[in-house]
Amino acid sequence: MTFEDIRAAAINEWDSLEKSDQVRIYLGSATCGRAAGAKTISDELEEELQKRNISAVITQVGCIGSCYLEPLVDITKPGKPRISYGNMTPKKMVELVDDYIVNDNPRPDLALGSIGEGSVEGITDFFQTPMLKSQVRIILRNCGFIDPEKINHYIARGGYSGLVRTLTMTPDQVIEELKKSGLRGRGGAGFPTGQKWEFCQRAPGNEKYIICNADEGDPGAFMNRSLLEGDPHSVLEGMVIGSHAIGASQGYIYCRAEYPLAIERLKIATDQMRKYGFLGKNIMGTGHNFEIVIKEGAGAFVCGEETALMASIEGKRGMPRPRPPFPAIAGLWGKPTNINNVETWAAAAVIMQRGWEWYSQFGTEKSKGTKTFALVGKIERTGLIEVPLGMTLRSIIYDIGGGVLDGKEFKAAQTGGPSGGCLPQSNLDSPVDYESLAAAGSIMGSGGMIVMDENTCPVDIARYFISFTQGESCGKCVPCRLGTRQMQKILQRICNGNGEQGDIEKLQKIGETVKTGSLCGLGQTAPNPVLTTIRYFRDDYEAHIHDKKCPSLTCKDLIRFYILPDKCQACLICLRNCPAEAILGGKRMIHVIDQDKCTKCGTCFDVCPKKFDAVVRVTGEKLDVPDEPVPMLAGKA
Amino acid sequence: METLNLSIDGKEVKAKQGSTVLAAALDNEIYIPSLCFHPHLSATGGCRLCVVEIEGYKDYVPSCTISATDSMVVRTSTPQLLQLRREALNPILSQHPCACLMCWRQKKCGPDDICLRNVAVTDRCVTCPRNYNCELQQVVCHVNKNDVKIEYSYRNLPIDDSNPFFARDLNRCILCGRCSRVCNEIRGIGAVNVYNWGGDSLNGPFGSKPIFDTNCISCGACVSSCPVGALYFKDSPKAETETKTTCTYCGVGCGLVLGTRENKVINVYPDKESEVNKGYLCVKGHFAIKEMVHHPDRLTVPLINCGGQFSPVNLDEALNIVASRLRNYRSDEVAVISSSKCTNEDNYVAQKFARVVLGTNNVDNCARL
């Protein structure tokens with residue numbers, strides 16, 4: 001079967017779905033959707049449809065990126081655009097089946113937006129909603145639209161045309177095309193991909209390997225997972241393209257075992273590719289052989305580092321080794337190896353499909369193309385986004401993310417996960433590209449972006465990230481193994497209110513040693529959160545050390561909770577909810593917190609009715625409140 | 001083989017093709033401090049002490065992993081490097097007892113003296129088997145580290161003394177990884193490896209089992225490779241004289257050093273200069289010789305079995321008896337077993353005697369572990 005036949009059949013299948021005269025229902029069933037309850041929604045839906053004897057096509061799709069709206073359900077009725085509904089519950093699902101599928105009322109009150117041609121009254125275009133409006137979805141173009149377990153859906157939307165084009169070109173031409181596109185590694189370091197491929201291609205040796213790094217370990221990052229779950233073929237196509245350009249006959253996907261759905265979908269996808277002749281011996285009749293092995297990682301953060309990852313594939317403990325020799329010369333099993341991130345492989349496929357001219361129109365002069373980010377933290381609209389490089393942090397956080405949660409003040413954004421830096425308000429207008437982030441002391445990383453509000457303490461954040469990297473250090477080199485531990489101890493001391501004069505300087509000194517002295521990227525970037533928070537939030541550190549205050553009211557040892565006697569209405573709510581039984585009081589008795597018993601969990605602060613606002617959090621001061629419950633003053637409610 | 005010319009600290013030196021910068025420096029008597037480097041083992045670049053400055057390189061690089069190239073310009077002791085080393089040592093000393101490093105009485109104290117620095121017994125220099133023979137002390141001395149206040153805390157890890165010949169006190173371990181590499185790369189046993197993560201990483205058997213419950217062959221190579229006092233031989237009294245000799249346990253001919261006192265063998269060490277074994281011994285050679293030499297059951301004269309009783313005879317008499325009895329058997333009824341404690345020449349004569357005089361091919365030797 002030629003590719004033209006395959007494509008014709010695929011388009012046929014896709015059209016018969018898209019233009020079918022049945023109701024089509026798309027369920028967001030990536031891990032994020034499933035976690036939010038997509039399975040119960042889907043069960044409910046099937047039951048309701050069966051009850052009413054309606055036949056509908058239900059398609060499980062990947063994540064469209066609006067994680068805060070999960071579970072998502074899209075419904076398309078023949079001749080109408082697709083309408084998205086978010087935050088679904090089984091109850092809402094039943095309502096929708098009754099109102100829209102049976103009675104043709106699209107329920108604009110529940111709808112998020114419409115997708116595709118045509119419009120429905122009262123419902124805006126989903127891609128014109130603030131979250132999606134300024135995004136450019138290239139890598140994620142198929143996520144949420146196609147069934148990731150159907151190769152024909154991918155082919156019908158232009159998939160594998162890049163591979164077909166690649167196979168007509170010489171490896172040098174492919175590499176030249178990538179170089180022109182300006183694609184840089186999406187794993188974080190931003191090394192030009194074309195150049196990287198060229199090193200490996202030119203390296204002497206008959207046997208070469210390529211690896212897809214899907215060991216996404218940053219806390220709060222899920223770009224690779226969503227892509228592999230929503231559109232695995234785009235990554236696999238990129239890898240086959242790379243194998244042709246580099247001359248590799250064996251590829252590995254190193255995916256963490258915590259991503260069972262991604263691994264399952266990759267396995268399905270590779271089987272389908274073999275059936276169509278995109279993988280295996282004599283690919284598409286060109287004589288090129290290439291196989292892919294999916295290797296499950298056991299979850300060590302350091303295995304995201306390329307040399308540690310290769311050691312892990314070889315069956316050793318995941319520990320990095322010094323470079324040179326670089327993997328392009330001696331990598332996996334000592335053979336020339338090219339390793340790229342999931343997103344880089346997917347971008348390579350797009351570039352070969354649409355050409356370098358098209359791809360390089362996005363982004364800035366030095367950072368071309370788009371980048372996906374996992375936008376999380378104290379932000380209104382969390383989710384997976386894709387923007388052209390060079391967009392400002394402000395537009396990402398405020399336009400796409402909708403600003404800080406609950407209208408609070410923006411404090412900082414952590415880019416690049418635990419190895420990145422904390423960027424303050426003053427950096428909001430700087431563009432997000434490799435150079436600008438590096439200049440600000442942070443890194444692009446693989447795309448985690450954690451937004452923090454005024455109640456996030458930068459010292460506490462630094463402590464959290466350094467304890468993460470400390471615990472994930474492989475133990476091989478001294479600065480990373482023990483330097484980070486010393487930093488963690490000092491930060492812990494500061495957060496506990498035992499900071500000493502000179503601690504900041506000590507942290508900076510150790511931080512610089514760890515940065516310059518460590519063996520691999522994990523250690524070299526581990527002090528970044530500490531160094532950037534010292535750089536941008538030195539006042540917070542000094543308040544912790546000298547005044548024993550936590551200005552963000554986060555560090556438990558530096559804050560106290562009080563009940564204001566003139567505001568307390570003796571409603572007993574906080575008293576009943578306190579898990580430590582630290583609140584004394586009774587009916588018509590002003591409540592008092594026993595400071596010795598208080599664990600500072602903040603429950604009383606959260607449960608005190610807003611209209612009373614009687615519980616306060618203070619730092620560094622003692623409020624003059626009664627020690628024992630006192631009767632309420634006469635005249636109060 | 002091509003010779004490389006490079007400059008290290010302004011000195012023009014020659015190095016063999018393929019050697020590392022560190023090896024080139026050490027060959028030319030330029031000392032670069034290191035802890036994880038061992039000439040027989042793969043380089044890991046873990047201790048970060050051998051960092052050097054090489055012209056054309058952006059960062060400081062560990063000299064143990066960088067191959068020397070022609071006309072390379074290397075600097076090993078710029079003030080920045082010394083500073084970096086001093087700071088890289090800091091974390092090590094936060095986990096390794098370090099009072100000995102700054103004490104002038106290091107060499108003077110006896111085991112029962114009151115410690116001048118009020119150091120806990122577990123951390124005292126006099127309790128460390130490698131005191132004043134310690135690579136960490138040597139490195140600290142080289143980088144002249146006496147200026148930084150170290151926050152040391154005892155890790156309180158249990159001492160593993162399950163093995164009859166050596167003990168492992170990981171409270172002194174600096175995780176250079178030499179023991180696990182020697183066990184994996186030289187011995188091919190893999191009884192010791194790195195386990196745990198981050199600051200809790202340790203070298204030891206999988207699941208922190210006692211070493212005796214693993215596939216450890218008790219060769220003691222890990223102990224010999226330890227730069228500090230974390231691994232130590234249990235029974236190693238100080239010898240009066242040391243004599244180089246060859247192990248008699250088998251035909252390999254490993255070189256060893258016998259430590260003797262009052263004409264008795266009291267300890268045995270592998271001879272690092274021996275071309276045969278390059279500083280490694282098996283469990284028999286390492287730990288059994290001193291027991292064997294002075295054992296009361298050891299045979300020193302021939303014995304004749306007369307009616308269930310062994311009685312000593314002289315050698316000529318014994319040979320006469322053997323010769324007379326051998327005549328009573330056909331050649332295929334006789335076997336000759338010789339000892340690997342004999343010389344190669346003796347063994348050669350024994351098999352020649354068996355084949356030519358007795359006419360049998362039933363020949364064997366005990367040369368195996």
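The model I am reading is predicted. I then looked up the two strands. Strand S7 (residues 250-256) and strand S9 (residues 288-297) of chain A pair over seven bridges, in the parallel sense.

I traced the sheet around them. It is open, has five strands and runs S8-S9-S7-S6-S10 in chain A, with mixed pairing. Which strands stand at the edges? They are strand S8 (280-283) and strand S10 (337-341) of chain A; each has a single partner strand, so one side of each lacks a neighbour in the sheet. From one strand to the next, the twist averages 25°. I also checked what lies across this sheet. Helix H14 (residues 342-354) of chain A lies across strand S6 (209-214) and S10, at about 95° to S10(A).

Next entry: the other five-stranded sheet of chain A. This open sheet has the order S2-S1-S3-S4-S5, and its pairing is mixed. Strand S2 (56-61) and strand S5 (111-115) of chain A are at the edges with a single partner strand each, so each has one side without a neighbour in the sheet. Ignoring direction, neighbouring strands here are turned by 20° against each other on average. I looked inside it. Strand S3 (residues 73-76) and strand S4 (residues 82-85) of chain A run antiparallel and are joined by four bridges. Ile75(A) faces Ile83(A) of S4(A) across this pairing. Helix H4 (residues 90-102) of chain A lies across strand S1 (23-28), S3 and S4, and runs at about 15° to S3(A).

I turned to strand S15 (residues 448-453) of chain A. How many of its six residues are buried? Six of six are. Both faces are covered: Gly448(A), Ile450(A) and Met452(A) are buried on one side, Met449(A), Val451(A) and Asp453(A) on the other. I listed its pairings. Strand S11 (residues 370-377) of chain A pairs with S15(A) in the parallel sense over four bridges. Strand S13 (residues 410-415) of chain A pairs with S15(A) in the antiparallel sense over five bridges. Met449(A) turns up in both: it is the bridge partner of Leu375(A) and of Thr415(A).

Then charges. I searched the whole structure and found 50 salt bridges over all chains. I picked out a few.

- Asp104(A) and Lys80(A) meet through their side chains at 3.1 Å, N to O. Asp104(A) is in the loop between H4 and S5 and Lys80(A) in the loop between S3 and S4, so the pair ties together parts 24 residues apart in sequence. Asp104(A) is partly exposed at 39% relative accessibility, and Lys80(A) is partly exposed at 33%.
- Glu258(A) pairs with Arg256(A), with the closest N and O atoms 3.2 Å apart. Glu258(A) is partly exposed at 42%, whereas Arg256(A) is buried at 15%.
- Glu87(B) pairs with Lys509(A) at 3.9 Å between the closest N and O atoms. Glu87(B) lies in helix H2 (residues 79-93) of chain B and Lys509(A) in helix H20 (residues 503-517) of chain A, so this pair joins two chains. Glu87(B) is buried at 15%; Lys509(A) is partly exposed at 45%.
- Lys91(A), Glu95(A), Asp99(A), Arg107(A) and Asp109(A) form one network of salt bridges that share partners.

Last, the surface of chain B. Leu299(B), Val301(B), Leu303(B) and Phe310(B) make up a nonpolar patch, with about 400 Å² of accessible area together. Phe310(B) sits in strand S14 (residues 309-312) of chain B. Its relative accessibility is 54%, so Phe310(B) counts as exposed.

Terms used:
Residues numbered from 1 in each chain as written. Chains lettered and ligands numbered in written order. Predicted model: local features only at pLDDT ≥ 70, side-chain atom pairs only at ≥ 80, totals over all residues. Heavy atoms only, no water. Patch = residues over 30% accessible without salt bridge, like charges linked within 9 Å, V, L, I, M, F, W, Y side chains within 5 Å. Areas by Shrake-Rupley, 256 points an atom, 1.4 Å probe, with all protein chains shown as cover. Salt bridge = Lys/Arg side-chain N within 4 Å of Asp/Glu carboxyl O. Buried < 20%, exposed > 50% of the residue type's maximum accessible area, 1.4 Å probe, protein only. Pairing = 2+ DSSP bridges. Axes fitted to C-alpha atoms, helices over the stretch in contact; angles between N-to-C directions. Contact = heavy atoms within 4.5 Å.
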